[in-house]
Amino acid sequence: MTRRHLSAPSRRTVVKAAAATAVAAPVLAATTSARAADGPAFLHGVASGDPLPDGILLWTRVTPAPDAVPGSGLGADTPMVWEIAEDKAFSRVAARGTAVARAGSDHTVKVDVRGLRPATAYWFRFAAAPGGTEGGQGVVSPVGRTRTAPATGAAVPGIRFGVVSCANWEAGWFSPYRHLAARPDLDAVLHLGDYVYEYASGSYPAGDTVVRPHAPLHEILTLADYRTRHGTYKTDTDLQALHAAHPVIAIWDDHEFANDAWSGGAENHTPGAEGAWAARVAAAKQAYFEWMPVRASTEGTVYRRLSFGNLAELHLLDLRSFRSEQASTGDGAVDDPERSITGRAQLDWLKAGLAGSDATWKLVGTSVMISPVAFGALPAHLLAPLAQLLGLPAEGLAVNVDQWDGYTDDRKELISHLRDRSVTNTVFLTGDIHMAWANDVPVKAATYPLSASAATEFVVTSVTSDNLDDILRVAPQTVSVVAAAAVKAANRHVKWVDMDSHGYGVLDVTAERSQMDYYVVSDRTRKDATASWVRSYRTRSGTQKIERAGTPVR
């Protein structure tokens, strides 16, 4: 691809600008439709992600012909033009260039634009086949809006993120995305994993509760399968609206691959019958990076770091690519120092980044919960569904082996590092378990609150994936009140847990505090579901503790 960025004038820049203007002229003259009857179409929207002070990643997918559906391998390579501007009318174009949507990348296009101004809103669009095939007009994509990050070291009064995780297509509609798309006050949306699910139709949730069937219907295993599943998700109008409204910062969890994935396999992968795990992972990662507005990072993974002025630094983790196999609950292996959830290199990277950060807040995006959880005394009828949510055997034991509870040496090392290096204002942002939590992260859970808290954690519930009332098929709050009380009694660092709702979070960060507002939707099975605020919790600067806030941020 070619790129041109506005900067200080030079002869070379002027020449490039003239060429870019000539190339991009058909964008402005073309039809504004995202579809042409006899040519390319934009059926999957546009997206942006990973904002930098001087740049943003832009994404789209073009369908060059009706049969060139995601995963098909069909369709001609298609020339593209892209442009990004400081106004929606595109009268102040900041950068433009060309690219090619190739069959080899499933006709997806990603453009890493640099040379932009920090903390600035931009609008962007693409055009396919400028000048058209056989002389027709080009087709212009929908327009997206995005925003760059504040300048490095800049004084920033506040930042605000939408926070989501766990969106199972079959379980319901993505109305939380629609409500976040409608908010003009967000700097970005943080997606903490399980953006797609790998299961066959009717496997999860049960077939009689499926709201809309997956495509493909079978469990996804091949590159074509993963591409098709990603493509299906991005036909959802609420998801398209989210991506068109805000830059998305995403990490993966297990279902982008297979349930309970680890470096050498997964609970939901049968070697031989379902091929080699390495081949499946390679296919899943290729499709993910093709279809997501995410920069591939170290070793082709998603762990990376983004800064927002002097206010916050966001450390994003990959807790699937390097982890050891999950231990059997109760066998003592959870404490084995040779086992890791992060891998040595990533843990060292995280520790160095946290200790070396000059930002007021150190935000850590972790796909699974770091706070320890013991069940305590729970009635038998609640133990089994909670075990399902938390990844425990049905008999019930005190350790969730798929989360940091199953890799206690890594957690101990990280928490000791925070204490030894006097790292304050560390906030973990978490998804995965389809419940909302507000936790202190204790140095010693067994003696808390007599022992100190090293950090805090906000866990957001699922967009649609099953939680307690869905599994039990009962009305919300029917049994969860008892279960939540038992969990809190056994885990005094847990300040709040909501086991029934679906929705999203809004994290608002200022120099004085980080606050998570929790929102729930009225009914995941209704496309027109409403959203309402239910709770807010905050961490005041320097305290490393959670407290309830009476109102959401405005």
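In the predicted model, the side chains of R344 and E413 meet in a salt bridge, with an N to O distance of 2.4 Å. This pair links distant parts of the chain, since R344 belongs to helix α6 (residues 344-356) and E413 to helix α8, 69 residues apart. R344 is partly exposed, with a relative accessible area of 45%.

A polar atom of the D410 side chain does, however, lie 2.8 Å from the backbone nitrogen of I341. Leaving aside residues up to four places away in sequence, D410 touches R339, S340, I341, T342, L347 and W404.

Across the whole structure, 33 salt bridges are found. One of them joins R125 to E83, with the closest N and O atoms 2.7 Å apart; R125 lies in strand β7 (residues 121-128) and E83 in strand β4 (residues 78-85), so the pair ties together parts that are 42 residues apart in sequence. R125 is buried at a relative accessible area of 11%, and E83 is likewise buried, at 0%.

A further salt bridge is formed by D112 and R295, whose closest N and O atoms are 2.8 Å apart. Here D112 is located in strand β6 and R295 in the loop between α5 and β15 (304-308), so that the pair links parts of the chain 183 residues apart. Both D112 and R295 are buried. Salt bridges that share partners join D50, D112, R114, R295 and R304 into one network.

Helix α5 (residues 277-291) comprises 15 residues and reaches 21 Å from its first C-alpha to its last, close to the 21 Å expected at 1.5 Å a residue. Of these 15 residues, 11 are buried, so the helix is largely enclosed by the rest of the structure. The buried positions include W277, R280, K285, Y288, F289, E290 and W291, and the buried residues of α5 pack against β3 (56-61), β6 (108-113), α3 (223-233), β12 (248-250), β13 (261-262) and β14 (265-266).

For the protein as a whole, the secondary structure comes to 10 helices and 25 strands, and 60% of the 554 residues are buried. Among contacts with a separation of 6 or more, 72% are between residues 24 or more positions apart.

Notes: Residues numbered from 1 in each chain as written. Predicted model: local features only at pLDDT ≥ 70, side-chain atom pairs only at ≥ 80, totals over all residues. Heavy atoms only, no water. Helix = DSSP H or I, 4+ residues; strand = E, 2+ residues; numbered from the N terminus. Expected span 1.5 Å × (residues − 1). Buried < 20%, exposed > 50% of the residue type's maximum accessible area, 1.4 Å probe, protein only. Contact = heavy atoms within 4.5 Å. Polar contact = N/O pair within 3.5 Å; in protein donor to acceptor, adjacent residues only side chain to side chain. Salt bridge = Lys/Arg side-chain N within 4 Å of Asp/Glu carboxyl O.
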